[in-house]
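Welcome! Here is a protein chain to explore step by step, so please take a moment to look around before reading on.

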Amino acid sequence: MKAKKILAAAAIAFAASGASAMTLEGLAGSLTVKLGGLTTETKTESSNVANPGLCTLASCNETTWGVGAITTITSVQNGIWNAGSTDGYYLYYMLYGIADLNITPGGAYGNNIYNTGSTYGDGDGKIHLDIYRTKTQISSIDQTFSAAPGDRTGFSTYSAFAGLEKYLAIEFAPGVTLDDPSTPTIDESQTSLYQNVNKLSLGTSDLSGFGTFIADVTGGTAASKWDTDGIGGHDLDGIFTLRSNGPYDTPMTPINGTKGQSGTCTATQVADGTCFAGFINDPVRAFAIPEPGSLALFGLGLAGLAALRRRRQA
């Protein structure tokens, strides 16, 4: 009978940790963040000056931005958060301020794009990722993928996110790659977003490949939970994939027998910037600490175990 009581208390302790950990407030430890989204290289906030694909840090022009949703956050220690179903919350994001520091087709390390933060116009020299929390699903972003670049209302604002809680403000950090020796006049070690693409002809809508970044939490209502420096001195890092979401690009040279990737955008929409032409699908690593309330709930379960253990010894 006592053994059953001890097992029951253990179950209470486990349930306490598991139930709280399934919420955003309870997630803790090493995390994997799964997200998807849409990006575009048209209608950028600073696009009034043509970007030749090569810039100085004094005048970098934004080349890419996008919006998307976080679908799951998995904790190695204590469970998983699912958008909408776990605690009723959805997380959406805006990614902006990406500028091409250097593009090296066939360079020393392959076909690479070295990105840093936009400093032209209203840019501040940082790549930003703002995450918003809401209990209302925005289906145009995470279901139908019908969001429009024209709904951007400013350098850091998108109409669908107006009035939402800014859960996290994140800035990408430099130093994710080595300097490329094939371009001695440019220091690519300043790069804060690195992309390797599998197509020699840059500038079209069907680029695909992978990339890496590291980032730091700088604000938001949940900053204290996520600003831990638990990933090599930073708060997040990622190895992500990107592919075209636009129509078949008929002039392109086939790569491995493939002649482009089909998506939801028409050729006209890609050309005039009325449709997001890229899709990202990224696993991101992070480290977080639980909220005080979640720790207290877990402590109640442990207290139950301790009480039963004392009764048994008595």
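The largest nonpolar core has 32 residues, and I73, I131 and W226 touch the most other members. A nonpolar core here is a set of buried Ala, Val, Leu, Ile, Met, Phe, Trp, Tyr and Cys residues joined through side-chain atoms within 4.5 Å. Buried means under 20% relative accessible area, exposed over 50%, and partly exposed in between, with a 1.4 Å probe and protein chains only. In soluble globular proteins, nonpolar side chains tend to be buried together.

Before going further, please note that this is a predicted model, in which local features need pLDDT of at least 70 and side-chain atom pairs count only at pLDDT 80 or more, while totals for chains, interfaces and linings use all residues. Residues are numbered from 1 along each chain as its sequence is written, and side-chain values use heavy atoms, with hydrogens and water left out.

Let us start with I73. Leaving aside neighbours within four places in sequence, I73 is in contact (heavy atoms within 4.5 Å) with L24, L27, L31, T32, V33, G79, I80, W81, L91 and W226. A second, separate core has 17 residues, including V67, Y132, I141 and A147.

Now for the chain as a whole. The protein chain has five helices and 13 strands; helices (H or I, at least four residues) and strands (E, at least two) are DSSP runs, numbered from the N terminus. Of the 314 residues in the protein chain, 46% are buried. Among the contacts in the protein chain with a separation of 6 or more, 73% are between residues 24 or more positions apart.

I131 lies in strand β6 and, at 6% relative accessibility, counts as buried. Not counting residues up to four places away in sequence, I131 touches I70, L91, Y92, Y93, E165, K166, Y167, L168 and I170. I131 and I170 are 39 residues apart along the chain, and their C-alpha atoms are separated by 8.0 Å.

Rolling a probe the size of a water molecule over the atoms shows where empty space is left. On a 1 Å grid over the protein atoms alone, a cavity is a set of points where a 1.4 Å probe fits but cannot get out, and lining residues have an atom within 4 Å of a point. Grid points are joined across faces, edges and corners, and a volume is the space filled by probe spheres set on the points. How many cavities of 30 Å³ or more does a search of the whole structure find? The search finds one. The largest cavity has a volume of about 100 Å³, and of the 13 residues that line it, V33, I70, I131, I170 and L236 are the closest to its centre. At least two residues of this lining come from each of β1 (29-40), β2 (62-75), β6 (128-134) and β9 (165-172), and β9 supplies the largest share, three residues. The lining divides into 13 nonpolar, no polar and no charged residues, where Ala, Val, Leu, Ile, Met, Phe, Trp, Tyr, Cys and Pro count as nonpolar, Asp, Glu, Lys and Arg as charged, and the others, Gly among them, as polar.

Charged side chains have their own story. The structure holds five salt bridges, each being a side-chain nitrogen of Lys or Arg within 4 Å of a carboxyl oxygen of Asp or Glu. One of them joins the side chains of R133 and E25 (2.9 Å, N to O). This pair links distant parts of the chain, with R133 in strand β6 and E25 in the loop between α1 (2-21) and β1, 108 residues apart. R133 is buried, with a relative accessible area of 12%, whereas E25 is partly exposed, at 27%.

R133 also meets E165 in a salt bridge (3.0 Å, N to O). R133 lies in strand β6 and E165 in strand β9, so the pair ties together parts that are 32 residues apart in sequence. E165 is partly exposed, with a relative accessible area of 25%. Salt bridges that share partners join E25, R133 and E165 into one network.

Another salt bridge is formed by E62 with R152, the closest N and O atoms being 2.9 Å apart. E62 in strand β2 and R152 in strand β7 (residues 152-154) are 90 residues apart, and both E62 and R152 are buried.

Note on methods:
On a 1 Å grid over the protein atoms alone, a cavity is a set of points where a 1.4 Å probe fits but cannot get out, and a pocket is an open set with protein on both sides within 12 Å along at least five of seven lines; lining residues have an atom within 4 Å of a point.
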